[in-house]
Amino acid sequence: MASTSAPRSSLSSAASRIATAASNLSSDSQTLIAEIRKSLGIIKGIAVDLEKAQRSDKVKELENTVLELLESCNDCTNLSEAISNVGNNYQPSGQLTDFSKLLEDKIATLKEESPFVPQNNPLYRQFKEAIWNVHHEGQPMPGEEQEDIVMTSTQNILLNMTCPLTGKPVIELENPIRCMDCKHIYEKDPVMHYIRSKGQAPCPVAGCPKFLQEERVICDPLLRIEIDEIRAASTSNKAVTNVEDYTEINDDID
């Protein structure tokens with residue numbers, strides 16, 4: 001018994017160390033992604049000021065920079081997900097493991113499932129809309145209907161827009177946290193109470209097969225940035241709607 005339990009214990013310890021290392025590396029990648037997202041917000045603000053100053057040439061240069069950063073952000077996201085996936089699913093054996101090959105294969109799969117298309121990226125669309133609105137606020141962008149603009153302005157990568165337990169909008173949560181397994185977002189205190197009271201706590205979102213674990217429901221580096229982006233987009237949409245309402249009132253008066 002002893003001779004078989006020792007190797008098993010060693011393999012279990014190795015799996016635990018790999019999972020911890022993968023979690024740390026994935027967190028580092030997410031921190032870098034968060035910094036890129038912050039930079040994109042700053043660049044958008046500068047581009048708006050340049051557009052107001054009629055410096056279209058400089059705006060175009062910044063647009064190219066945005067595209068480069070978005071591609072880097074996409075690469076970092078794929079790397080972070082690949083590291084997390086390999087770390088969570090790695091099963092040690094007596095054979096040597098080629099981790100580089102595992103990561104490369106997973107990244108290739110992620111790229112195939114979700115290819116990088118700048119025109120479909122919400123952050124790129126928000127950049128284009130911000131520039132367009134400098135001189136054409138409330139008007140459809142070329143080739144798009146008004147309803148399309150509203151839709152792209154509110155696009156986001158948040159999986160749920162209200163806390164499944166409280167029903168409170170995500171942008172109003174005081175302490176938002178996200179499950180690293182199913183990506184659903186919750187208010188911290190209610191979900192922690194839910195997890196501790198259940199023992200095994202199934203995700204309360206209908207149809208979600210995941211179980212919530214206290215150490216896997218966290219405020220990751222990107223969450224607050226993503227929520228701020230949604231909040232800013234919502235504020236922008238309200239401003240456009242107010243302009244349209246005011247115009248309709250004036251038309252009625254005339």
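1. In this predicted model, R178 has its bridge partner in strand β5, namely I218. The strand that pairs with β5 here is β1, residues 176-179, and the two run in the antiparallel sense over two bridges.

2. Strands of a sheet pair through backbone hydrogen bonds, in either a parallel or an antiparallel manner.

3. The helical part may be taken next. Two packed helices are described by the angle between their axes and by the distance between those axes. For helix α2 (residues 56-89) and helix α3 (residues 99-113), the packing angle is about 125 degrees and the axes are 9 Å apart. Angles over 145 degrees count as roughly antiparallel and those from 65 to 115 as roughly perpendicular; α2 and α3 are therefore oblique to each other. In passing α3, α2 makes a right-handed crossing.

4. On the α2 side, the contact with α3 is made by D75, N78, L79, E81, A82, I83, N85 and V86. On the α3 side, the residues are F99, L102, L103, K106, I107, L110 and K111. Sorted by class, this contact of α2 with α3 comprises nine nonpolar, two polar and four charged residues.

5. Helix α2 also packs with helix α4 (residues 122-136), at an angle of about 165 degrees and with the axes 10 Å apart. This angle makes α2 roughly antiparallel to α4. The crossing of α2 and α4 is right-handed.

6. Which residues of α2 meet α4? They are V59, L62, E63, V66, L67 and L70, and in α4 they meet L123, Y124, F127, K128 and I131. By class, the contact of α2 with α4 has nine nonpolar and two charged residues, with no polar ones.

7. Salt bridges deserve a separate remark. The structure holds 11 of them, and one of these salt bridges joins E226 to R37, with the closest N and O atoms 4.0 Å apart. E226 belongs to helix α7 (residues 223-253) and R37 to helix α1 (residues 2-52), so the pair ties together parts that are 189 residues apart in sequence.

How values were computed: Residues numbered from 1 in each chain as written. Predicted model: local features only at pLDDT ≥ 70, side-chain atom pairs only at ≥ 80, totals over all residues. Heavy atoms only, no water. Axes fitted to C-alpha atoms, helices over the stretch in contact; angles between N-to-C directions. Helix = DSSP H or I, 4+ residues; strand = E, 2+ residues; numbered from the N terminus. Parallel < 35°, antiparallel > 145°, perpendicular 65-115°, else oblique. Left-handed = near helix turned anticlockwise from the far one by under 90°. Contact = heavy atoms within 4.5 Å. Nonpolar A, V, L, I, M, F, W, Y, C, P; charged D, E, K, R; others polar. Pairing = 2+ DSSP bridges. Salt bridge = Lys/Arg side-chain N within 4 Å of Asp/Glu carboxyl O.
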